[in-house]
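Thanks for coming. I have one structure to take you through this morning, so please look at the screen.

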Amino acid sequence: MHPRTSLLALLAAVIAGATTFDLGAQEQEVLHPREAFPYTVEADTDRVLLSFDVPDGYYLYRERFGFESATSVVSLGAAEFPAGNIYEDEFFGVQEIYRGRFDISIPYEQSSAVRQVELELKLQGCADIGLCYPPQRWTNLVQLPPGGGAAAGSSSLIFGAPDDTLLPVDEAFVMNARFDGANELTVAWQIAPGHYLYSDKLGFEVDGSLGLGTARLPAGEPHYDENFGDVEVFYDYVEATIPFSRASPDEMPVTIRAQFQGCRENSICYPPGEQTMALVLPAASEFASAIGNGDVMVSEQDRLAALVLSDSWLIVLGTFYGLGLLLAFTPCVLPMVPILSGIIAGQGKVTAGRGFALSFSYVMGMAVTYTAAGALAALAGEQIQAIFQKPWIITAFAGLFVVLALGMFGLFELQMPAAIQTRMANLANRQKTGTFAGTAVIGALSALIVTTCVAPPLVATLAVIGQSGDVVRGAGALFALSLGMGSPLLLVGASAGKLLPHAGPWMNFVKAGFGVMMLGLAIWMMERVLPGSVTLVLWALLVFLTGVFLGAFEPLPQQPAATKRLSKGVGVLACLYGALMLIGATLGGQNPLRPLPPGALMAVNGLAAQTEQPDFQEVETVAALDSLLAEARAAGRPVMVDFTAEWCVSCREMEEYTFPNPAVVAALEPFTLLRADVTANDDDDQALLERFNSYGPPTIAFFDRQGLERGPFKLVGYVPAAEFTVHVERVAAL
C-alpha cells in the first residue's frame, strides 16, 4: 500500500460519510430509452395525440420535447401540454417534468389530403438513479382520418408556417437562460424546424458584478455556407454553459445579453441579433445547501466548498484545520521539516521555548503568505502554483539551500556586518529578532515555492474566494488549513531543545547531516526543471559522497567502537546505492527510489521489457481538445483529461504509482485518454485550465460517451490506484 493511502482514507472519514455514493443504485438495470419512455400515437380530424406511460423511476423534461412534420403538406401547431411537476434537476436546474401517464395534443393542418403523416418526435429524460439519456429523435407514421386537418389559415401555427411565411427572429430562435449553480450560467435556444444557428456567432455578456469565463458549447453539425464557408451550425436545440465568478456571495439581479446569428434553410439569413433576459442570481449558499441532499455524485472539492459557504465558522475552521493536519504528512509539507530543523540546528544550543518560537515564526510566515497569495490569486484568476514555478525562481531557491548547506558544513559563517551589529547592540533581543524575521521569510518562501500540491481542500477554498466572491470565509478556511499543515512543525521546534545534542563533536555531526538534507532539498527542487536522468546523477553523487563522509573507505582501527562500525557500514551501503543510481541513470532511470527502470535488466539480456502504461494523447489548445472530444463522442467512447506539470509533485505520484497499476490500465481501456501539460503556464495552458475551472494540476476531468462533462466526478490531487480504479469504472458505466 502506498504510504499516502491510509492518510487519504482518513481524510475521507473526516469530511463525513456524506461523500458515499450509492453503488447499489449504479448497478441497477437501466432500461432502454424505448422501454423507459413508451408511448402511443393516434390522430383525429384536427389533432395528433401522444399518450405516454413512463415507468416508475423515470421522467421526461417538458422543454426537451419537439415535434416536426416530415410530410410537406402537413403543418403542426403549438403542442398542448398538461401541467407537470417542478423539479430541481442535477443536469438542467429547475425544470418541469412528467412522470407516469400523461397526454400531449398537437393540432395540425394539411394543404392537400394525405392518408398519413410522418411525425418526428424529439424528447429527453432521465432516471432517478442519476443517469440522463441523450436527446432522442424518433419517427412515427401516423394514419390520418379522411378529411382531417382541413386548412383554416390559423395564425396559431408557430413552427409550421407555410414556406412563403418567414418567422420573426425571436420566434425562429427562442432564448432561455438559467443558473444551474452558484458559478454556472446556462443559455439555451429552441430553434425552429428548418432553421439553424452559427456556432461561431454566439457570444455572451452580463450586466452585473459577474466575470464570465469561456462558454462551453457542444459540437455542431458541419455545414458549408456560401457566406462563411465551412462552419458548424446547431439545429433544434442548443445549450451553452458559461462559468463565472461573482464579486459577492449575496443574491443579485443580472441581465444576460446573448449575441447570435442564424438562417432559414434554402432561404434568408437573419442579421446578427441580440436577445436579453433579466434574471436573479440566488445567493451562493442556496446552491451550497442543495449539495449532498440527494444521492447524486458530488466531488470532494465541491462538497468542501459547500461546507465553507453554508456551515458555521466553528465547523469550517475545525474541519479545515483537521484537513491541514492530514496534508502535513504528505509531500506537500514534509520537505519543510528538514528546512526548519536545519534553521534550528544552525543556531547551536537552543531551549525548547526558543525552538518553539522559531518554528512559530516559520509557520506564521508560511500560513499568512499562503493565505494572502492564495486569496489574491483566486481573485485574479491566476494559477498560484505556476507563478512561483519559473525555472529561475526554482534555481535561485535551490541555490539558497546549497548556500545554507555549505554553512552547515562549516565552510563559512553567515553574520551581519560588524557596523550593523554595533548599531544594534543596544536593542533588546537583537539576535533573536533578526533570527525570527529571517525564519518567517524562509517560511513565506517555502509556502510559495516548496509547496506545489493541489488538493481538494485547497481547491475548495480558492473556488469559494474566486467564484462565489466570499473572500472572508474562503481566506479563513485557507488560513485554518495552513495552520493545520504547520502544526507538526511546531512540535519539531519545541522538541529541538531536547533532541539536539549539546555543543561539541556530535553537534557538528548533526549539522553536517542537516547540510546533506539541504542539498537533497536543492536536488528535489531542481527535478522540476532538469531531466530525470540528470537529477538521478545528482542524487547518486550526493548519496555516494555521504557514504564517503561516513567513512566507507576509511580503515577501521584494531578495536573500533560500535559507532565507528555502524558509520562505516552505513557509508558502504550508501556508496553501493549511489553506484546503483549511476548505473540506473545510464539505463534511462529517473526515480532515485527505483533507480533501475522496470525491465532494464531484461533489456540488457536481450529480452523485451514489457511495462504497460496508459496511452495518452497530448493536448495543447482548447481547439485541439474540442476536436478530440468530438471524435470520441462520434466513436461512443468516454474521455479522461489529465492535467499535469513537471513541477507538480502529486502528478509524479500519479504517474509512478497510480497510472501504471494493471487494474487502472484495464479500467481505462474504454477511454480516450488526453493529457494537458501546463508546465509553461502560457496563454493556451491558462485557457485549458479555465475551461475546466481548474486551479492547477493534478486535475482529472471526465466526459461520458455522449460527450457531456461529468463535473461531479472531477478528481483533484493524488488518488491511490485502488480508489482510482473504482472511480473510473463508475464513469465508464454512465
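I will start with the whole chain and then go through a few places in turn.

First, a caution: this is a predicted model. Every number I give is computed from that model.

The protein chain has 734 residues, and 48% of them count as buried. Its secondary structure comes to 24 helices and 27 strands. The chain exposes about 34,000 Å², with carbon and sulfur atoms supplying 59% of that area. Now take the contacts between residues at least 6 apart in sequence: 74% of these join residues at least 24 apart.

Next, a pair of helices. How do H20 and H23 lie relative to each other? Helix H20 covers residues 622-635 and helix H23 covers residues 683-691. Their axes are 9 Å apart, and the packing angle is about 50°. An angle between 35 and 65 degrees falls in the oblique class, and H20 and H23 are therefore oblique to each other. On the H20 side, the residues in the contact are Val-622, Leu-625, Asp-626 and Leu-629. On the H23 side they are Ala-687, Leu-688 and Arg-691. Sorted by type, the residues of this contact give 5 nonpolar, no polar and 2 charged.

Now the cysteines. How many disulfides does a search of the whole structure find? The search finds 1. It joins Cys-263 to Cys-269, with a sulfur-to-sulfur distance of 1.9 Å. For anyone new to the term, a disulfide is a covalent bond between the sulfur atoms of two cysteines. The torsion about the S-S bond of Cys-263 and Cys-269 is about 95°, so this disulfide is right-handed. Two other cysteines can be mentioned here. Cys-126 is buried, with a relative accessible area of 0%, and Cys-575 is buried as well, with 6%.

On to strand S26, residues 699-703, where we find Ala-701. Is Ala-701 buried or exposed? Its relative accessible area is 1%, and the cut-off for buried is under 20%, so Ala-701 is buried. What does Ala-701 contact, leaving aside neighbours within four places in sequence? The residues are Val-639, Met-640, Val-641, Phe-692 and Glu-709. Of these, Met-640 is 61 residues away in sequence, yet the C-alpha atoms of Ala-701 and Met-640 are 5.8 Å apart.

Glu-184 is partly exposed, with a relative accessible area of 28%. Not counting residues up to four places away in sequence, Glu-184 touches Arg-178, Phe-179, Arg-216, Thr-241, Ile-242 and Phe-244. Ile-242 is 58 residues from Glu-184 along the chain, and their C-alpha atoms are separated by 5.8 Å.

The last stop is a loop residue, Asp-236. It sits in the loop between strand S18, residues 229-234, and strand S19, residues 237-246. As background, most residues other than glycine have a negative phi. Phi of Asp-236 is near 70°, which is a positive value in a residue other than glycine. Asp-236 is also buried, with a relative accessible area of 17%.

That is the end of the tour.

Conventions: Residues numbered from 1 in each chain as written. Predicted model: local features only at pLDDT ≥ 70, side-chain atom pairs only at ≥ 80, totals over all residues. Heavy atoms only, no water. Helix = DSSP H or I, 4+ residues; strand = E, 2+ residues; numbered from the N terminus. Buried < 20%, exposed > 50% of the residue type's maximum accessible area, 1.4 Å probe, protein only. Contact = heavy atoms within 4.5 Å. Areas by Shrake-Rupley, 256 points an atom, 1.4 Å probe, with all protein chains shown as cover. Axes fitted to C-alpha atoms, helices over the stretch in contact; angles between N-to-C directions. Parallel < 35°, antiparallel > 145°, perpendicular 65-115°, else oblique. Nonpolar A, V, L, I, M, F, W, Y, C, P; charged D, E, K, R; others polar. Disulfide = S-S within 2.5 Å.
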